[in-house]
Every structure is written in structure tokens, then in C-alpha cells.
Amino acid sequence: MADVLLLQGPIGPFFRRFARLLRAQGHRVRKINFNAGDWLFYPGPGALAYRGGVDAWPDFLAGFLRRHGIERIYLFGDCRPMHRCVPQVAGPLGVRVFVFEEGYVRPDYVTLEEWGVNGHSRLPRDPAFYRALPDAPLPMPEPVGQTFGRMACHAMAYVAALRWLRPFFPGYAHHRPFKVRGEVGVWLRAWWRKRRFAREQASLLPRVACELDQRYFLVALQTHTDAQIVDHSRFVSVTEFIAQVLESFARAAPADTSLVFKHHPLDRGYTHYGELLARLAREHGLAGRVFYVHDLHLPTLIRHARGAVMVNSTVGMSVLYHRVPLKVLGRAIYDMPGLTFQGALEDFWREPGAVDMKLYHRFRTYLIRHTQVNGSFYKRLSEVDWMRVCRCEAREDVQGAPGVAVARPAGRHPPAVEASLV
């Protein structure tokens, strides 16, 4: 039994259900809400409204942890303004921090890792560590299916509450700018664009996959506010990333190759880079060699690519799965010799190399067993053993790797995430 503190969770009722399960296991659970959107999905019991600003938050958190004897903290996203200081405050007090995030392995998993995710992850980056591991097959995950509709509804309700009740949380700073009417418009625009591009670009996939087979590089774009851009890369924006990729490609890529830029689906309603790409293609003499796609079948795009470039995306794991060479320009958990190209981007266009598939499979197995839970934050699945998440008993690997969140039930990997929390 432990004293647990929940901070900001995924948009929606997931943390409320998670708290219900924790209490059923005998844990004492408290929650701190930072805005009215948090409160909407977690009104209590045990919920406290923090109305101060970011500057006063570390001292408030330290005092709260001491007063209530908190032993664990759970939060979603370690780069949010109110979450950045949490490991530094909690660590010296002996409080363990567990970070939820969208899954490293998509689409059927979510991430739960101790102390940090992505660029803050403590996963080993040494390929020799993974090569020394034994083969260990994994069970098939339960398919999650579509979650966009529920996520969109939760997001609109969250933003509406956040905006209209903002006076009750005067010190709150959101992790990205928004306006209520604009946010509703964004989700409607995303819905419309999804259908529009599916219709307009339907004939583009055969052209790219057949006519340009093995003669194009896939470039996966991030969302414009993604922490992988803001916190875990040298780029100021997605626009800067696009500009540098095109400049490098024009300077060093073989003349018979092309670029295919894939827009991030969750950024569909916010951004559109068509005019930028067209202008930069003209300036660099790449007219006819740059393609911009939205909802084309991603596995097909990957399979027929000569290589792929990205800042740090979960698409990278799919790229490696399909044995396609990969160049990462940010801080990725899978960026290591044998999996990704370690040289300059200009050299990658000419000789992208190959993927060590034995290393990939052992890395993926370790990743899933130590950081992934099969399921979704937004959709109920079948019966699930959530004891894995409730215990979160850290262990050190046989080779002394840093402690990572490894909380698995004995004998099997859980098949799903959140159904028992209903």
C-alpha cells in the first residue's frame, strides 16, 4: 500500500479510472488539478486545486510531498510546464516518478516509464546491452482500433472548461497556446481535411510506391508543439526542420531520388506546409521531386522508401520494423549504432546503410516488456491485469542497466490497458 499523487493526466477520464483502481488495491490517492479542464475529468475525491504559478510550484510540491508522505507520483508528459521540475523535486525526497505517454510502439500500446520518457528516458543506449539479451518472444497485443473520435470530444470539452473557468486558476500556463472557438474549429478542420486529402491523394500512393519504388526518402513530420521539437532537438520549429532537410537533400542527394513529407495526423487541423514545401522546392531546384502527403497508408510508404528521416517519432519503430534505413535528427530512444544511421545527413542520402534486425527485435522486446502497456488512454478494451501498473516494481536488468519502469505480472504480459477501470 502506498501514498500516491496524480498530476496532469491524458485528456479524458483515464486518471479518474486509474485512481479508482489504485484505491481498490489499497493505495491512498491524491490528485492536484492545475486548470478547470483537469477538474472536469477529475473533480474528486482527494482532488486539490493548485491556483499558483509555475515559479511557486516546486516549493509547493516539495511541501505537499512531505506533508502527505507521498511515495509515488504519476503524470502524463514530462515536458509540460508543471511537470518539468517534478523529478528534481521528488528524487531527493525518495519519491518515485512514473511518466505516462503515448506509446513508443504504436498503435496498440501506451508508455509507462520511471523518471522520464523520450529524451529523458533512462533506457540503455548501448547496442551491446541489447545484443547480449536472450531471445524472448512476446504475445500478440489486443488491437486498440480507432480512438480519434473520443479523443477529439475529450479535447474540446477540456479546452472549453479550461478557457471558460480560467479565472479560478489564475496562475496556470498551458503547454501550448489555444482559443476555445479556435480549438473547436481545429478539430472540425482536421475532420474535413482528413476526408478531403483521402479523396484527393488516393491516386498518389500507387504513383509513389510503384514509380518511385526505392527512389524516395520518407520524412515524418512532428506536431508543431511536440516536445520532440521543443525540448529534444536542436530545431526551433517543424518549419526549420523542413528547411534544413530540403537544403541538405538538394546539396547531396542523388538526382534520381525524391522526398515524401508525411504530415502528422494529430497536427492536421493546426498546420499545413504545402506552400512552404512548394516554395522551398522551387528555390532549391527540386520541382517535381518533393511530395507532401497526409493520410496515405503509412506502412506502404515505409516499405517502398529507400530511407527515412525524422526528428524523433514513433514512426521510427515502424521504419526499423520494415528494415528501412533511418536517420534521426533529434534525441530518440532507438538512435544507436546498428539501428540508425550515425553519420551526417548528407552522407545518408548517398549511402543510407542497413538495419541490424537482430538488434532491432531484441531492443523492441526489451522496450515493450519494460515500458509498454497494451491499450489506450481513450478506449475501453477487454479484461486487463492492471496490477502491473499499480505495483510498478523497478528492477535492474541482469547487466546492471539503470532502473526503468518494469512492472509485469508473473508469467505473462498484460493484454490490454483500461477496461477494468470503468
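Predicted model: local features only at pLDDT ≥ 70, side-chain atom pairs only at ≥ 80, totals over all residues.
# Notebook: chain, cavity and salt bridges

I began with contacts (heavy atoms within 4.5 Å): in the protein chain, 70% of those with a separation of 6 or more are between residues 24 or more positions apart. Residues are numbered from 1 along each chain as its sequence is written, and side-chain values use heavy atoms, with hydrogens and water left out.

**Entry 1: the whole chain**

I looked up the secondary structure and found 16 helices and 12 strands in the protein chain. Here helices (H or I, at least four residues) and strands (E, at least two) are DSSP runs, numbered from the N terminus. Next I checked burial: 56% of the 422 residues count as buried. Buried means under 20% relative accessible area, exposed over 50%, and partly exposed in between (1.4 Å probe, protein chains only). The accessible surface comes to about 18000 Å², and carbon and sulfur atoms hold 54% of that. Those areas come from the Shrake-Rupley method with a 1.4 Å probe; for residues, only the protein chains shown count as cover.

**Entry 2: the largest cavity**

How many cavities of 30 Å³ or more does a search of the whole structure find? I got 3. A cavity, on a 1 Å grid over the protein atoms alone, is a set of points where a 1.4 Å probe fits but cannot get out, and lining residues have an atom within 4 Å of a point. Grid points are joined across faces, edges and corners, and a volume is the space filled by probe spheres set on the points.

The largest cavity has a volume of about 130 Å³. I listed 16 lining residues, with G9, P10, G12, D38 and F41 nearest its centre. Both α1 (14–24) and α2 (36–41) give at least two residues to this lining, and α2 has the largest share, 3 residues. By class, I noted 7 nonpolar, 5 polar and 4 charged residues in the lining. Ala, Val, Leu, Ile, Met, Phe, Trp, Tyr, Cys and Pro count as nonpolar, Asp, Glu, Lys and Arg as charged, and the others, Gly among them, as polar.

**Entry 3: a look at α1**

I went through α1 for burial and found F14, F15, R17, F18, A19, L21 and L22 buried. Just after α1, G26 takes a positive phi of about 95°.

**Entry 4: salt bridges**

I searched the whole structure and found 11 salt bridges, each a side-chain nitrogen of Lys or Arg within 4 Å of a carboxyl oxygen of Asp or Glu.

R30 pairs with D3, their closest N and O atoms being 3.8 Å apart. R30 lies in strand β2 (residues 28–33) and D3 in strand β1 (residues 3–6), so this pair ties together parts 27 residues apart in sequence. Is R30 buried, partly exposed or exposed? At 26% relative accessibility, R30 is partly exposed, while D3 is buried at 8%.

E346 and R251 also form a salt bridge, at 2.4 Å from N to O. E346 sits in helix α14 (residues 345–350) and R251 in helix α10 (residues 238–252), 95 residues apart. E346 is partly exposed at 21%, and R251 is exposed at 52%.

My last pair is R279 and E283, at 3.0 Å from N to O. Both lie in helix α11 (residues 274–283), 4 residues apart, about one turn of the helix.

Notes:
1 Å grid on protein atoms, 1.4 Å probe; cavity = no way out; pocket = protein on both sides within 12 Å on 5 of 7 lines; lining within 4 Å.
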